Amino acid sequence: MSAPLLILGWGNLSRGDDALGPLFLQRLQASLPLPLHTQVEFLDDYQLQIEHALDMVGRQQVLFVDASLSCPPPFEVTELHAVQDASFTTHALSPQALMQVYQDLQGEMPPPCMQLAIRGEAFELGQPPGEAALAHLDAALRWVLDALQCGVLKAVASESM
């Protein structure tokens with residue numbers, strides 16, 4: 001049986017602020033209240049793959065977490081919708097394209113999905129995440145923990161936090 005909420009983060013731990021997705025998952029797992037452990041499943045990877053559509057099966061909600069150069073600091077939460085785009089043929093599959101793969105495979109709408117974009121600044125190979133990015137990570141973590149503890153994990157579409 002799958003946990004109702006899947007939190008899927010991606011990024012490269014060796015590329016500075018690109019590590020924000022996996023670091024977010026590590027920190028959230030470590031601080032998640034015990035009663036929520038059966039309600040949330042965590043999955044991290046270097047990048048989204050079409051196979052991740054199968055990880056969405058049986059979920060009530062999916063939260064995608066990644067670093068972003070374009071979102072306002074400290075983070076942004078947006079509601080997502082399935083979209084067929086060209087990213088499914090690249091190494092940079094978008095969450096929306098993954099949702100479309102789910103829809104094509106399952107013949108039904110994907111579960112409600114949101115993206116948590118955490119502001120990053122520097123993505124150089126071999127560098128640790130920067131201080132500003134880690135502060136943004138902390139703010140995003142507080143927001144998600146509060147939302148989980150209240151039993152409400154809702155996106156505020158296109159609004160920065």
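**Burial of Phe 75 in the predicted model.** In this predicted model, Phe 75 has a relative accessible area of 3% and is therefore buried, since the class takes in values under 20%.

**The tilted pair of Phe 75 and Trp 143.** The ring centres of Phe 75 and Trp 143 lie 6.0 Å apart and their planes meet at 50°, so the pair is classed as tilted. Distant parts of the chain are linked by this pair, because Phe 75 belongs to strand β4 (residues 75-80) and Trp 143 to helix α4, 68 residues apart.

**The edge-to-face pair of Trp 10 and Phe 64.** Two aromatic pairs are counted in the model, and the one formed by Trp 10 and Phe 64 is edge-to-face, with 6.2 Å from centre to centre and 75° between the planes. Since Trp 10 is part of strand β1 (residues 5-10) and Phe 64 of strand β3 (residues 61-68), the pair ties together parts that are 54 residues apart in sequence.

**The packing of helix α1 on helix α4.** Helix α1 (residues 20-31) packs with helix α4 (residues 131-149) at an angle of about 45°, their axes being 10 Å apart, which makes α1 oblique to α4. The crossing of α1 past α4 is right-handed. Residues making the contact include Leu 20, Phe 24 and Arg 27 of α1, together with Leu 137, Asp 138 and Leu 141 of α4. By class, the residues of this contact comprise 12 nonpolar, one polar and two charged.

Technical notes
Residues are numbered from 1 along each chain as its sequence is written. This is a predicted model: local features need pLDDT of at least 70, side-chain atom pairs count only at pLDDT 80 or more; totals for chains, interfaces and linings use all residues. Side-chain values use heavy atoms; hydrogens and water are left out. Axes are lines fitted to C-alpha atoms, for helices over the stretch in contact, and angles run from 0 to 180 degrees between N-to-C directions. Helices (H or I, at least four residues) and strands (E, at least two) are DSSP runs, numbered from the N terminus. Angles under 35 degrees count as roughly parallel, over 145 as roughly antiparallel, 65 to 115 as roughly perpendicular and the rest as oblique. A crossing is left-handed if the near helix is turned anticlockwise from the far one by less than a right angle, and right-handed if clockwise. Contact means heavy atoms within 4.5 Å. Ala, Val, Leu, Ile, Met, Phe, Trp, Tyr, Cys and Pro count as nonpolar, Asp, Glu, Lys and Arg as charged, and the others, Gly among them, as polar. Rings of Phe, Tyr and Trp (its six-membered ring) pair if their centres lie within 6.5 Å; planes under 30 degrees apart count as stacked, over 60 as edge-to-face and the rest as tilted. Buried means under 20% relative accessible area, exposed over 50%, partly exposed in between (1.4 Å probe, protein chains only).
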